[in-house]
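Reader: I have a protein model to discuss for my course. Could we go through it together, one topic at a time?

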Amino acid sequence: MNHRIRALHTDTTITVYQAYAPELGVPAARTGRFPAAWKRDRMTWIKPSFLWMMYRCGWATKEGQQTVLAVEITREGFDWALRHACLSHYVRGLHPDQAAWKRDLRRSPARVQWDPERDLHLTALPHRSLQLGLSGEASRRFADEWTVSITDVTDRAREIHGLVRDGSDDGLAAATRLLPEERPYPAGDELLAHLRA
């Protein structure tokens, strides 16, 4: 299926990824909570795909994205965000018209983008990966209610990148073994029908 969420998940939680400057990311991982400096009134994007996060942050090398966090949140919260989300772009046939889509977008505390999934070389794949933008109520709930744990996975990201750069079959096999086990997330039509482009 082209639009499917793949993620590391348990019966009660799902792991999403974000990248921050060290002054935000390091304290968040140390305490397991987002610090007061984390702006709860801004839109924040969470990504269930580790490799999409690596594409976005350049393997933790981009300015302001040098600390990669694995944020384990409740599935209840993640599902709430999906239920209250709107696609970030207009799709004919999914929305009655552009005006209706714009109204939904303004009212929705979450928005969804489907971007090409990435492989170990960060090359685009034919299927899509979910990005979930949280603002307002959703952003506050994410930071203060849904978050179960925050882990700094920057060293793992750099280790995987080093193995990929090595380029050998053994290096790529070792890199693959270090990736999180992302399986299809059990989100049926009830959660995704209004979000599939």
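Reader: Which handedness does the crossing of helix 6 and helix 7 have?

Author: The crossing of helix 6 and helix 7 is left-handed. A crossing is called left-handed if the near helix is turned anticlockwise from the far one by less than a right angle, and right-handed if clockwise. Helices (H or I, at least four residues) and strands (E, at least two) are DSSP runs, numbered from the N terminus.

Reader: What kind of model is this, before I go on?

Author: This is a predicted model, in which local features need pLDDT of at least 70 and side-chain atom pairs count only at pLDDT 80 or more, while totals for chains, interfaces and linings use all residues. Residues are numbered from 1 along each chain as its sequence is written, and side-chain values use heavy atoms, with hydrogens and water left out.

Reader: Back to those helices. At what angle do the axes of helix 6 and helix 7 cross?

Author: The axes of helix 6 (residues 154–166) and helix 7 (residues 169–178) cross at roughly 155 degrees and come within 7 Å. Helix 6 is therefore roughly antiparallel to helix 7. Axes here are lines fitted to C-alpha atoms, for helices over the stretch in contact, and angles run from 0 to 180 degrees between N-to-C directions. Angles under 35 degrees count as roughly parallel, over 145 as roughly antiparallel, 65 to 115 as roughly perpendicular and the rest as oblique.

Reader: And which residues of helix 6 and helix 7 make the contact?

Author: Helix 6 contributes R156, E159, I160, L163, V164 and D166, and helix 7 contributes G171, L172, A174, A175 and L178. Contact means heavy atoms within 4.5 Å. By class, these residues of helix 6 and helix 7 are seven nonpolar, one polar and three charged. Ala, Val, Leu, Ile, Met, Phe, Trp, Tyr, Cys and Pro count as nonpolar, Asp, Glu, Lys and Arg as charged, and the others, Gly among them, as polar.

Reader: New topic: aromatics. How many aromatic pairs are there?

Author: The structure holds eight aromatic pairs. In one of them, Y17 and F50 have ring centres 5.4 Å apart and planes at 80 degrees, so the pair is edge-to-face. Rings of Phe, Tyr and Trp (its six-membered ring) pair if their centres lie within 6.5 Å; planes under 30 degrees apart count as stacked, over 60 as edge-to-face and the rest as tilted.

Reader: Which residues form an aromatic cluster?

Author: Y20, F34, W38 and F142 form one aromatic cluster.

Reader: Last one. Which phi value does A60 have?

Author: A60 has a positive phi of about 65 degrees although it is not a glycine. A60 lies in the loop between helix 2 (50–57) and strand 4, and A60 is buried, with a relative accessible area of 3%.

Methods: Buried means under 20% relative accessible area, exposed over 50%, partly exposed in between (1.4 Å probe, protein chains only).
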